[in-house]
Each structure stands twice: as C-alpha cells, then as structure tokens.
Amino acid sequence: MLIEEKQEVAQRYKADLPILVIKPSKGWTTLQLRELWNYRELLYFLVWRDIKVRYKQTVLGAAWAIIQPFFTMVVFSIFFGNLGKIPSDGIPYPIFAYCALLPWQLFAYALTQSSNSLVANQNLITKVYFPRLIVPLSSVLAGLVDFAIAFLILIGMMLFYGIWPTIAILALPLFVLFAIATALAVGLWLSALNVQYRDVAYTIPFLTQFWLFASPIAYSSSLIPQPWRALYGLNPMAGVVEGFRWSLLGTTNPPGVLVLISVVIVIILLAGGLFYFQQMERTYADVV
Amino acid sequence: MKDIVIRVENLSKRYLIGQREPYKTLRDTLAERFTAPFRALASSQLHTTSPNGNIVWALRDVSFEVKHGEVIGVIGRNGAGKSTLLKILSRITEPTAGRAMLHGRVGSLLEVGTGFNPELTGRENIFLNGAILGMRRREIERKFDEIVAFAELEKFIDTPVKRYSSGMYMRLAFSVAAHLEPEILIVDEVLAVGDVQFQKKCMGKMGDVVQQGRTILFVSHNMSAIRTLCENTIWLEEGQVRAQGSSNEIVQHYLEASLSHSQSSDGFVSIQAREDRIGEGILRLKYIRFLDSNLRCTSRLKTGQAASIAIGYSAAEGVRLDNVLVGFTLSSARQEFTGYCQNDISGNGFQGLPPNGEFRCTFPKLPLTPGTYTLNVSCKVGTLLADRLPQAAEFEVVDGDFYDSKLLPPSGYGDVLIDYKWAFDDLHTKDSALPLRNYLEAEGQNQAGNTVDN
C-alpha cells in the first residue's frame with residue numbers, strides 16, 4: 001500500500017471511532033445505563049452460563065428446582081399447617097405456603113448468588129473490563145429459570161385444589177420484578193461489601209434463614225395486629241409475598257399500604273445500592 | 001500529529017500497601033472507622049496520605065504516544081509497572097493521576113481463556129469467552145469455524161473443556177483471542193503458552209493483525225519476540241519510562257543495563273557489586289570466568305572446542321557447605337532458554353566445601369552455535385536458595401569446528417548442536433543388526449505367501 005493510501009485509510013478509519021478517555025474519576029459517578037445497554041450481550045451470555053452450569057453433573061438436574069420448594073412446603077404443611085394450625089386466610093395450607101415459597105426461593109437464590117458474584121467472578125474482574133453491574137445482575141436473572149420450573153408445580157396444585165386465578169394475575173409479572181429488585185437491592189450492597197470484607201459470605205446463610213421466618217411465608221401477615229401490619233412492609237419480602245398471594249390466589253385483601261411501604265423501601269435500598277456499588281466499582285480489581 | 005491512537009499523559013498509579021492486602025475483616029475497618037468517623041464509606045480509597053505512609057507508586061508520570069498501526073513493545077523487570085500500565089489502559093483499574101486517550105475500540109488480552117468454564121463445551125466456551133472479550137454474538141458466529149480450525153480442535157468442539165489437555169485448552173483460548181478485531185489490542189505475555197509450533201502460528205497471526213493496520217501494545221519478557229514483532233519499545237523501570245525508541249536499540253540497552261552492573265574484563269566478570277540478586281546469602285557467587293581449551297580467560301569461546309565456565313564463590317567461615325547445587329541457564333537472543341547445566345544432573349555432588357573456591361563446568365566440545373549468550377546463575381545449599389542472579393554475565397561463541405567437518409547447520413535451527421554420526425548399511429553383511437534382518441525376511445515371506453494364496 002502506498003503511504004498516502006495508508007494514511008487515507010487511517011483517516012477514514014478514525015472518523016467514526018469512539019474516543020475513550022481514561023482518567024481518575026472524581027466525586028459522584030453517574031449510572032452508565034448506555035454502557036450497560038452496550039454490554040447486554042455479555043449479560044445474556046453470563047446468565048446463560050450460570051443456567052447451563054447450574055445443574056451440570058447432577059443426577060436429578062433441574063428437578064432440584066422443584067425439590068427444594070416442594071419439600072419445604074411439605075414440611076411447613078405438616079408442622080405449621082396440620083400440627084400448628086396456623087391460619088391460612090381460608091386457603092388450603094399447602095398452596096398457601098407454596099405460593100409464598102416461590103418468590104422466596106427466587107429471592108434467596110438471587111440474593112446468595114449476587115452477593116457472592118463479584119468474588120466468584122474475580123478472574124473476570126481482574127482481567128477484563130466491562131460494567132461491573134453486569135455481574136450481580138446476571139446472577140439475579142439466572143434465578144428466573146428455577147422460578148419458572150417451580151411455577152409448574154404451582155399450576156398443578158392450583159388445578160388440584162380447584163383455585164382459579166382472578167384478573168389480579170395480570171399483576172404477577174410486576175411482583176416477580178419486585179422480588180428481583182428486592183434481591184438486587186440487597187445483593188448490590190452485599191456483593192460490594194463482600195469484595196472488601198469476606199465476613200459477608202458467612203453472614204448470608206444466616207441472613208436468609210432469619211429473613212425466611214421474618215417474612216409471611218409459613219404464616220399470614222394478617223396474624224400481625226392491625227396498627228402494626230403496615231409497618232411489616234418495612235420487610236420488603238412481606239410486600240412481595242402478599243402481592244404473590246393476592247395476584248395468584250385472590251385472597252381477599254388486595255395489597256395496600258404494606259406493599260406500598262415495601263416498594264418505597266426497595267427503591268431506597270436499590271438506589272443506595274447502585275450508588276455504593278458504582279463508588280466502589282473502581283477499586284474492585286485492586287481489592288478483590 | 002493526526003494519527004496518534006494512544007496518548008498517555010503523566011499516568012500514575014498509587015497503591016497503599018494496606019489496600020493490597022487481600023482480605024480485610026469487618027472488625028479491622030470498624031476499628032478504623034471509629035477513629036475517623038466521618039469518612040464516607042465510598043471515599044475510603046481517596047486518602048491523600050496513608051496512616052502508616054505505606055505508599056507504592058506502581059506507575060509515576062508515564063507519558064508516551066502510539067501511532068496508528070504501530071506495534072509497540074513494553075519491557076522491564078518484574079514490578080516495573082508493565083502490568084499496571086496495561087490494566088489501566090484496559091480500564092480494569094483506575095489511574096490515580098494523569099490521563100490516557102485511546103482512539104478506537106480496545107481489546108485487551110491480559111490472560112488467555114478468561115472466563116472459560118470447565119463444565120462447558122469448547123463450542124460454548126468460544127461464545128462465552130468471545131462475549132467476555134467484547135465480541136458481538138454475530139461476529140462470533142461468523143468467525144466460529146475459523147476459530148475452531150485455527151485451534152485444530154474440530155473433533156473435540158462438543159467436549160467439555162475440563163476433558164481437554166492443557167495444550168488443547170490453551171490452543172482454544174488463544175484462538176478465540178486471536179480472532180478479536182479491535183482497533184487497539186493490548187497483549188500481556190500471552191504468547192508464552194502452548195507448544196513451540198503453536199507459538200509460531202500465533203506469532204504469524206499477530207503479524208497478520210499488524211498488516212491490517214491495528215495498533216498493538218505488547219508486553220513481554222521474550223526479547224526475541226519483542227524484536228521481531230515491535231518496531232518501537234518502551235522500557236519501564238520502577239514505574240517510570242526509562243527509555244523509548246526503536247526495539248533493537250532499546251532491547252540492546254536493556255540487556256546491557258542488566259549486565260552493566262557486572263564488571264567485566266576479557267572473560268572475567270565480577271558480580272560482587274550486583275544488588276538485584278535473591279537468596280539467603282550464606283554463600284555468595286563472586287565472579288564468573290570463561291575459559292578456553294588452554295584454561296585461559298576469554299570472552300570468546302569457540303564452537304566445538306573445549307571450554308569451561310567457572311563460578312567463584314565465598315561463604316562465611318564455619319558454615320557447613322554440604323549438598324551444594326550450583327548451576328546456570330543459558331539464553332540467547334533467539335531463545336529464552338538454550339540450556340540448563342547443574343552439577344547434580346551431571347552426577348557431580350559437592351560436599352563439605354571450603355568457604356572459598358571456584359565451581360567449574362567443563363564442556364569437552366562446546367555445543368553452541370555462534371552468537372551471544374547470557375547466563376543466569378544460582379546456587380543452593382541443601383534446600384536453601386543461597387544466591388541467584390539473573391543475567392549475570394554474557395559471552396560470545398565464535399565459529400569453530402564441531403563435527404570435524406568444518407560445517408555447522410544453517411543458523412535458525414537451534415542454538416545447541418547435537419553430537420551424531422551418520423552411517424550406511426546395505427543390510428547384506430553379517431554385522432548388520434540381526435533383529436532388523438529377521439524382520440525384513442519375515443516381511444518378505446509374508447508377501448510371498450500372499451501371492452501364493454491369490
């Protein structure tokens with residue numbers, strides 16, 4: 001190639017190329033949504049990887065997604081439903097519990113995975129650049145597959161008990177989104193903290209267990225005396241579970257102040273989590 | 001200049017030693033926090049002075065420019081800041097000060113096979129790894145066959161990579177990386193993988209990339225790779241640019257600088273003043289001498305003639321010098337490791353040595369082709385590393401007669417000469433190898449038998 005020709009190619013080449021400036025970031029960083037969108041394919045592949053690898057080299061495979069909530073439901077039904085005679089808002093106890101265990105499993109899985117995600121993917125973080133937010137996001141989304149599988153059992157149970165959903169079922173996707181947002185909100189905080197303090201990894205099993213009993217899964221939130229019930233919404237999972245029961249089983253009380261409070265809490269947690277995550281992002285590779 | 005693609009201005013990176021500690025427990029920081037309660041969580045890394053003053057500048061005021069289509073090498077000792085520079089340019093970590101401008105999409109290969117998952121098949125890993133390196137899905141689909149063919153893994157592409165041999169794994173990983181097409185490619189030492197043949201193929205692929213007008217920043221310890229691939233080279237030392245310019249020149253200076261601390265005069269190299277050594281120091285290597293067939297000191301040894309390399313040492317009085325291992329490796333400009341000579345391998349044990357003396361390694365016929373060789377020396381006492389010094393001395397090998405034929409193999413076919421003889425056998429004399437004859441006769445009968453059957 002002639003030199004002029006080469007230069008010309010170089011010029012044309014450069015005209016539409018992005019310019020990247022690397023410098024120390026100062027103060028508040030804004031959320032790079034556009035960049036996140038540019039990396040959507042990586043997000044897709046990471047979710048796909050987590051799903052593919054999840055049940056590799058297991059005998060029961062995806063059946064695990066059913067076994068866990070199903071047997072928890074059985075145990076709850078025997079001890080809390082039959083022996084403990086815990087009121088279930090006039091709905092057969094098994095389906096009452098299972099309907100709550102669905103979002104709970106989704107939440108617990110997404111929370112655990114996303115909290116460990118940055119540490120688990122440290123080989124990526126120290127070797128390649130991409131928006132770090134993709135890592136906890138992908139772990140949260142991967143939980144949806146298990147959720148979908150376990151949902152099949154719920155459909156079977158609804159047929160068995162002859163419960164037909166009302167129009168409220170249209171709100172279900174919103175509550176799924178809500179469960180995910182809740183997991184992400186907490187997961188962002190914990191994953192960022194986990195990079196620096198490995199204590200977090202030990203806290204999570206304890207935290208999820210504690211949270212399970214603090215949420216209206218084995219019991220109904222109507223057990224809580226009225227003036228305090230709305231405050232129960234400070235635990236966002238209370239809002240999620242109540243929303244699930246209402247949209248799927250059509251329990252009498254539509255979600256009210258309790259769910260509203262939960263939504264506000266999640267928005268605050270999520271915004272704070274995003275901010276904290278972004279602030280810490282620049283040091284992950286040095287610290288992890 | 002218009003066609004500058006990478007411009008780096010006063011780039012600096014500071015690490016607080018404490019920050020590099022892998023795990024900090026919550027308790028530690030809670031204690032810290034209480035002493036400084038109003039420091040925001042997020043600004044913990046922005047202290048201007050560290051409490052204990054443990055600051056390390058991994059990079060300090062580094063500036064350079066790279067033109068479009070240029071391949072630029074980065075060399076320097078371990079800890080000189082090469083990796084930090086690459087990490088900043090690939091946006092993995094942030095600089096503390098200064099800035100860098102990159103014109104075009106940046107692809108970085110700080111490692112091959114980043115994000116490979118052992119449970120997934122080769123096919124799945126190509127997609128995953130490609131996406132991680134920044135390729136679009138359609139781009140990967142388009143290049144898929146090419147990637148598989150380049151890795152020579154057509155048959156195993158649907159096998160989980162955990163069943164791959166390490167060579168296959170590396171080939172696949174590199175193959176994905178080699179098909180990356182950003183305008184700027186940042187490469188760290190990844191060519192040091194795989195077998196020699198595959199390395200050559202990769203070098204070829206890198207050469208193609210250059211032809212297509214891409215800009216490459218290439219870090220390596222392999223001086224011959226730097227010389228062949230890069231026009232220009234930046235030499236980093238202690239986080240700063242020590243020199244930059246044409247690769248040949250810089251590599252030359254770099255190698256000389258390592259040697260210059262050794263004081264050399266005609267075959268005698270004193271290494272007493274060198275400080276870049278490691279080891280416990282119960283025994284110190286003092287000098288290196290190169291001796292010709294008459295045991296005279298010379299810096300030029302002759303191929304095929306007797307030669308010795310002598311290494312002087314001294315140790316503190318009263319130290320027991322048993323099970324002493326002394327050795328050196330040889331490197332040439334073409335090859336990182338040409339030879340490895342150590343006394344236990346040749347069956348010469350050293351026990352109960354005096355506190356001063358000289359080790360001598362003798363070559364009855366020096367099996368090295370003409371060229372310049374560098375020596376890394378090391379000495380162990382028992383299992384304790386006593387002294388080790390990289391690039392301790394350099395010597396030259398000049399043309400000589402190795403095979404008593406006044407001939408040597410053409411250059412480029414290895415640095416080491418193999419001793420061998422050729423002969424001819426017509427297989428009809430009695431002295432020919434009997435088993436071979438029996439075998440050939442049996443073959444002959446078989447063939448005869450076959451013809452009868454037919």
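Select E1 of chain A together with E4, E1 and E2 of chain B: these form an open sheet of 4 strands in the order E1(A)-E4(B)-E1(B)-E2(B), with antiparallel pairing. Strands are DSSP runs (E, at least two residues) and helices likewise (H or I, at least four), numbered from the N terminus; two strands pair if DSSP finds at least two bridges between them. The edge strands, each pairing on one side only, are E1 of chain A and strand E2 (55-67) of chain B. From one strand to the next the twist averages 15°. The model is predicted, so to be described local features need pLDDT of at least 70 and side-chain atom pairs pLDDT 80 or more, whereas totals for chains, interfaces and linings use all residues. Residues are numbered from 1 along each chain as its sequence is written, chains are lettered from A and ligands numbered from 1 in the order written, and side-chain values use heavy atoms, without hydrogens and water.

Strand E1 (residues 19-22) of chain A runs antiparallel to E4(B) and is joined to it by 4 bridges; Leu20(A) stands opposite Leu102(B). On moving to E1(B), one finds 5 bridges pairing it with E4(B) in the antiparallel sense, and Arg7(B) has Met101(B) as its bridge partner.

Now select the whole interface. Contact (heavy atoms within 4.5 Å) takes in 58 residues from chain B and 46 residues from chain A. The rule finds 3 salt bridges across the interface, a salt bridge being a side-chain nitrogen of Lys or Arg within 4 Å of a carboxyl oxygen of Asp or Glu. Asp286(A) and Lys13(B) form a salt bridge, with their closest N and O atoms 2.9 Å apart. On the side of chain B that touches chain A, E4(B) supplies the largest share, 7 residues.

Finally, turn to the open sheet of 6 strands in chain B, ordered E5-E6-E7-E3-E8-E9 with mixed pairing. E5 and strand E9 (240-246) stand at its edges with a single partner strand each, so one side of each has no neighbour in the sheet. Select strand E3 (residues 71-75) and strand E7 (residues 215-219) of chain B: they pair in the parallel sense over 4 bridges, and Val71(B) stands opposite Ile216(B). H3(B) lies across E3, E5, E6, E7 and E8 of chain B, at about 150° to E6(B); axes are lines fitted to C-alpha atoms, for helices over the stretch in contact, and angles run from 0 to 180 degrees between N-to-C directions.
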